[in-house]
Amino acid sequence: MLHQVVHPAAKLVAMAAKTQEEEIGDGTNLVVVLAGVLLEHAEMLLKQGLHTADVIEGYSKASKGVLGYIDTLEVSKCEDVTKVDDVSRALMASIASKQFGLESFLAPLVANACVQILPKDIRQFNVDNVRVCKIPGMSVHESFLMKGFVLVRDSEGTIKHMDKAKIVVFGTEVDLSATETKGNVLIKNAEELMNYSKSEEESMDKCVREIVETGVNVLIAQSTISDMALHFCERNKLM
């Protein structure tokens with residue numbers, strides 16, 4: 001939305017809010033409100049006859065003074081980001097601004113999830129490693145942390161449970177490849193028809209067995225799984 005902001009001052013405020021969102025992920029309202037108050041007071045000073053250079057110089061001195069004074073105002077400090085309790089306390093304010101009244105319940109869940117996927121170099125923390133999955137029919141207070149991979153849908157076939165799963169994920173459909181151009185196959189008798197179908201089945205059976213031979217017992221596909229592929233997956237105990 002930055003390209004719709006024309007006024008230089010307003011554009012700076014929008015850029016500051018965007019930077020806050022990218023760097024911290026929270027506190028954008030605070031940035032906008034604080035910037036608005038500073039601009040309001042700057043307008044009052046300009047109306048009193050002060051030059052813009054004097055206003056800028058005054059704000060620059062105030063900024064340096066605040067940076068030296070702000071550390072004395074801390075209420076608490078997260079000493080160890082590997083401890084759930086310390087991280088939970090640090091998250092309270094951010095969660096309360098989004099889900100007021102639920103922060104005491106949600107903060108430990110979020111903190112526990114973050115600590116579990118914390119890399120050795122904490123600066124390489126990736127928020128995409130924590131996902132939220134909505135389950136219809138459940139309330140917020142029924143939320144729980146699942147260490148693993150969650151899909152809100154039923155599995156295809158008759159296999160519904162798998163212990164010690166070794167998973168393969170395909171970003172395509174599980175089916176025999178088709179040519180881009182159309183073609184005609186001339187079948188003269190029933191035997192040729194059986195052989196044609198048999199060759200497709202053998203190809204799919206070979207493909208599924210090669211997957212199973214790697215030790216995989218759970219297959220996830222982004223697109224559809226053909227009936228023939230599902231048949232051979234069931235035969236090879238592949239979920």
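These questions and answers show how terms are applied to this predicted model.

The model is predicted, so local features need pLDDT of at least 70 and side-chain atom pairs count only at pLDDT 80 or more, while totals for chains, interfaces and linings use all residues. Residues are numbered from 1 along each chain as its sequence is written, and side-chain values use heavy atoms, with hydrogens and water left out.

Q: Why is Asn217 called buried?
A: Buried means under 20% relative accessible area, exposed means over 50%, and partly exposed is in between (1.4 Å probe, protein chains only). Asn217 has a relative accessible area of 15%. That is under 20%, so Asn217 is buried.

Q: Where does Asn217 lie?
A: Asn217 lies in the loop between α6 (190-213) and β2 (218-221). Helices (H or I, at least four residues) and strands (E, at least two) are DSSP runs, numbered from the N terminus.

Q: What makes the pairing of the Asn217 side chain with the backbone nitrogen of Lys166 a polar contact?
A: A polar contact is a pair of N or O atoms within 3.5 Å; within protein, one must be able to donate a hydrogen and the other to accept it, and residues adjacent in sequence count only if both atoms are side-chain atoms. The Asn217 side chain reaches the backbone nitrogen of Lys166 at 2.7 Å.

Q: Which residues does Asn217 touch, not counting residues up to four places away in sequence?
A: Among them are Met162, Asp163, Lys237 and Met239. Contact means heavy atoms within 4.5 Å.

Q: Is Ser76 buried or exposed?
A: Ser76 has a relative accessible area of 55%. That is over 50%, so Ser76 is exposed. Ser76 is in the loop between α3 (52-69) and α4 (84-98).

Q: What makes Asp86 and Arg89 a salt bridge?
A: A salt bridge is a side-chain nitrogen of Lys or Arg within 4 Å of a carboxyl oxygen of Asp or Glu. For Asp86 and Arg89, the N to O distance is 2.6 Å. That is within 4 Å, so the pair qualifies. Asp86 and Arg89 are three residues apart in helix α4, so about one helical turn separates them.

Q: How do you know that Lys47 forms a salt bridge with Glu43?
A: Their closest N and O atoms are 3.6 Å apart. The limit is 4 Å, so this pair counts too. Lys47 is exposed at 68%, and Glu43 is partly exposed at 43%.

Q: What makes up the largest nonpolar core?
A: A nonpolar core is a set of buried Ala, Val, Leu, Ile, Met, Phe, Trp, Tyr and Cys residues joined through side-chain atoms within 4.5 Å. This core has eleven residues in all, including Val168, Met204, Phe232 and Leu238. The elements that give two or more residues to this core are α6 and α7 (227-235).

Q: How do you know that Cys133 is in no disulfide?
A: A disulfide is a pair of cysteine sulfur atoms within 2.5 Å. The nearest cysteine sulfur to Cys133, that of Cys114, is 17 Å away. That is not within 2.5 Å, so Cys133 is in no disulfide.
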